[in-house]
Amino acid sequence: MTTGGHGTDGVERRGLMFVLSSPSGAGKTTLSRMLIAETPGLQMSISATTRPMRPGEVDGKDYFFVDQKRFELMVENGELLEWAHVFGNRYGTPRGPVEAALASGRDVLFDIDWQGTQQLRDRSGKDVVSVFILPPSVAALEQRLHTRAQDSDEVIRGRMKKAGDEMSHFDAYDYIVVNDNIGIAFEAVRSILRAEQLKRERQVGLEGFVRGLRNQLEK
Ligand SMILES: Nc1ncnc2c1ncn2[C@@H]1O[C@H](COP(=O)(O)OP(=O)(O)OP(=O)(O)O)[C@@H](O)[C@H]1O
Ligand SMILES: Nc1nc2c(ncn2[C@@H]2O[C@H](COP(=O)(O)O)[C@@H](O)[C@H]2O)c(=O)[nH]1
């Protein structure tokens with residue numbers, strides 16, 4: 001239960017866990033960055049991973065890059081909210097920053113795979129809002145992985161091979177967005193977040209707020 005945050009309208013609100021998943025290359029990192037830039041108070045969950053750093057990535061900003069031993073310790077010590085093997089590496093969500101954000105009513109954005117999303121749902125179902133991003137076509141997906149130019153051809157082949165498996169989990173998600181035009185996809189994702197923030201059950205103390213309004217009317 002997370003309380004104590006403030007909605008935009010003076011009513012307190014529970015923080016929510018906003019999850020984006022997709023096959024590799026469909027655009028969730030791009031959409032996440034846009035959302036963070038445009039949404040005051042939204043906090044990105046920075047994952048830990050054993051994957052090697054890509055050119056241009058920054059430790060502590062894109063990921064916490066750790067070795068196998070450190071990752072195992074994080075698992076053993078219960079430091080991860082969820083974790084999974086993805087494309088031959090291990091990825092996990094550090095628990096501390098997420099719990100601190102939610103406890104102060106802030107929303108947290110996750111860019112994680114279907115296995116991690118399932119684990120978050122099992123733990124915190126009602127606070128999780130999940131969006132699955134689909135590419136407009138297989139050709140576009142492959143093109144994007146090549147255009148990103150951060151993975152070898154072999155890694156790209158591996159990710160394309162797993163894309164079908166990742167997409168088979170679309171039906172466990174609350175919302176589906178096809179990322180063809182990035183501007184349109186972004187507006188869709190942003191609208192979902194806004195609508196979910198305004199859900200009645202996430203707003204704490206509404207009864208008192210409405211009572212106050214009604215009292216003013218009766219004076
Ligand atoms: N709508 C779009 N049209 C064209 N290119 C796009 C679109 N959305 C994202 N891209 C580009 O596709 C590439 C892959 O995008 P991105 O890195 O966001 O994917 P991802 O889903 O986060 O992948 P991964 O799971 O591997 O991290 C990037 O070069 C990005 O600029
Ligand atoms: N279950 C988790 N999956 C994660 C996490 N962080 C990232 N991911 C997913 O891994 C793949 C590959 O990412 P890449 O940066 O190597 O391209 C992608 O699907 C991410 O969503 C995590 O903490 N847990």
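A residue is called buried if 20 or more other C-beta atoms lie within 10 Å of its own, exposed if 12 or fewer do, and partly exposed in between, with C-beta atoms placed from the backbone. The structure on display is a predicted model, in which local features need pLDDT of at least 70 and side-chain atom pairs count only at pLDDT 80 or more, while totals for chains, interfaces and linings use all residues. Residues are numbered from 1 along each chain as its sequence is written, and chains are lettered from A and ligands numbered from 1 in the order in which they are written.

**The whole chain**

Begin with the entire protein chain, coloured by pLDDT, the predictor's confidence in each residue on a scale from 0 to 100. The chain averages 92, and 95% of its residues score at least 70. For the model, ipTM is 0.97 and pTM is 0.93. Cartoon display shows eight helices and twelve strands; these are DSSP runs (helices H or I, at least four residues; strands E, at least two), numbered from the N terminus.

The C-alpha trace extends about 70 × 40 × 30 Å along its principal axes. Its radius of gyration is 19 Å, which agrees with the value near 17 Å that a compact globule of 219 residues would have; the radius is taken over C-alpha atoms, and the globule rule is 2.2 Å times the number of residues to the power 0.38. Buried residues make up 31% of the 219.

Select residues 1-8, where pLDDT stays under 50 and the model has 27 contacts beyond four places in sequence. A contact here requires two C-beta atoms, placed from the backbone, within 7 Å.

Next select residues 15-194, to which UniProt, in an unreviewed entry, assigns the feature "domain: Guanylate kinase-like". This stretch is 44% helix and 22% strand, and its end C-alpha atoms are 12 Å apart.

**Leu20**

Within strand E3 (residues 17-21), select Leu20. Leu20 counts as buried because it has 24 C-beta neighbours inside 10 Å. Beyond four places in sequence, Leu20 is in contact with Lys28, Leu31, Ser32, Phe110, Asp111, Val131 and Ile133. A distance drawn from its C-alpha atom to that of Thr147, 127 residues away along the chain, reads 21 Å.

**Ligand 1**

Select ligand 1 and the 15 residues around it, of which Ser24, Gly27, Thr29, Thr30 and Arg144 come nearest. A residue belongs to such a shell if its C-beta atom, placed from the backbone, lies within 6 Å of the molecule. Helices H1 (28-38), H5 (138-148) and H7 (182-197) each supply at least two shell residues. By class, the shell has three nonpolar, nine polar and three charged residues. Ala, Val, Leu, Ile, Met, Phe, Trp, Tyr, Cys and Pro count as nonpolar, Asp, Glu, Lys and Arg as charged, and the others, Gly among them, as polar.

**Ligand 2**

Move to ligand 2, also with 15 residues around it; Ser47, Ala84, Tyr91, Ile112 and Gly116 come nearest. Strands E7 (80-86) and E8 (89-94) and helix H4 (114-124) are the elements that give two or more residues to this shell. Its composition is five nonpolar, six polar and four charged residues.

**Glu79**

Finish at Glu79, in the loop between helix H2 (68-76) and E7. Glu79 is partly exposed, since 17 other C-beta atoms lie within 10 Å. The C-alpha atoms of Glu79 and Ser24 are 26 Å apart, and Ser24 is among the residues that come nearest to ligand 1.

Terms used:
UniProt positions are given in the numbering used here, feature names are shortened, and annotations may be inferred rather than shown by experiment.
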